[in-house]
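Dear colleague,

I am handing over the structure below, and after it I set out what was found in it. Please read the notes with the coordinates open beside you.

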Amino acid sequence: MNDYGNKEVLSKNIKKWMEIKGVDRLAVADATGISYTTISDWINGKNYPYIDKIEVLANFFGCTKADLIED
């Protein structure tokens, strides 16, 4: 099964990586240039980012894109 596009999985993984790195939404927004509202929408499962934004998040967290989009 391809989990690409699964908002719930992405949400859970962003929260996990924020906890690992000890950062909040504002810190992620400031560091990545992605708006706070956009990050909140991803975390709340309202929207799903384009792959370029997933890459920005992965680079920030020091993980792979798969770490963010796969269960």
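Predicted model: local features only at pLDDT ≥ 70, side-chain atom pairs only at ≥ 80, totals over all residues.

The residues of α3 that are buried are Ile-39, Ser-40, Asp-41, Trp-42 and Ile-43. Trp-42 deserves a look of its own: leaving aside residues up to four places away in sequence, Trp-42 touches Lys-7, Leu-10, Ser-11, Ile-14, Ile-34, Asn-47, Tyr-48, Pro-49, Lys-53 and Leu-57. Just after α3, Gly-45 has a positive phi of about 75 degrees.

Turning to α1, this helix runs over residues 7-21, and its 15 residues reach 21 Å from the first C-alpha to the last, close to the 21 Å expected at 1.5 Å a residue. At its N-terminal end α1 is capped by Asn-6, which places a side-chain oxygen 3.1 Å from the backbone nitrogen of Glu-8, while just after the helix Gly-22 takes a positive phi of about 65 degrees. Buried within α1 are Val-9, Leu-10, Ser-11, Asn-13, Ile-14, Trp-17 and Met-18, and what covers the buried residues of this helix includes α2 (25-32), α3 (36-43), α4 (51-61) and α5 (65-69).

The largest nonpolar core holds 18 residues, of which Leu-10, Ile-14, Ile-39, Trp-42, Leu-57, Phe-61 and Leu-68 touch the most other members. The elements giving two or more residues to this core are α1, α2, α3, α4 and α5.

As for charged pairs, how many salt bridges does a search of the whole structure find? The search finds 1, and the pair is Asp-71 with Lys-12, whose closest N and O atoms are 2.3 Å apart. This pair links distant parts of the chain, since Asp-71 belongs to the segment after α5 and Lys-12 to helix α1, 59 residues apart. Asp-71 has a relative accessible area of 67% and is therefore classed as exposed, whereas Lys-12, with a relative accessible area of 43%, is classed as partly exposed.

With best regards

Note on methods: Residues numbered from 1 in each chain as written. Heavy atoms only, no water. Helix = DSSP H or I, 4+ residues; strand = E, 2+ residues; numbered from the N terminus. Expected span 1.5 Å × (residues − 1). Buried < 20%, exposed > 50% of the residue type's maximum accessible area, 1.4 Å probe, protein only. Contact = heavy atoms within 4.5 Å. Polar contact = N/O pair within 3.5 Å; in protein donor to acceptor, adjacent residues only side chain to side chain. Salt bridge = Lys/Arg side-chain N within 4 Å of Asp/Glu carboxyl O. Core = buried A, V, L, I, M, F, W, Y, C linked by side-chain atoms within 4.5 Å.
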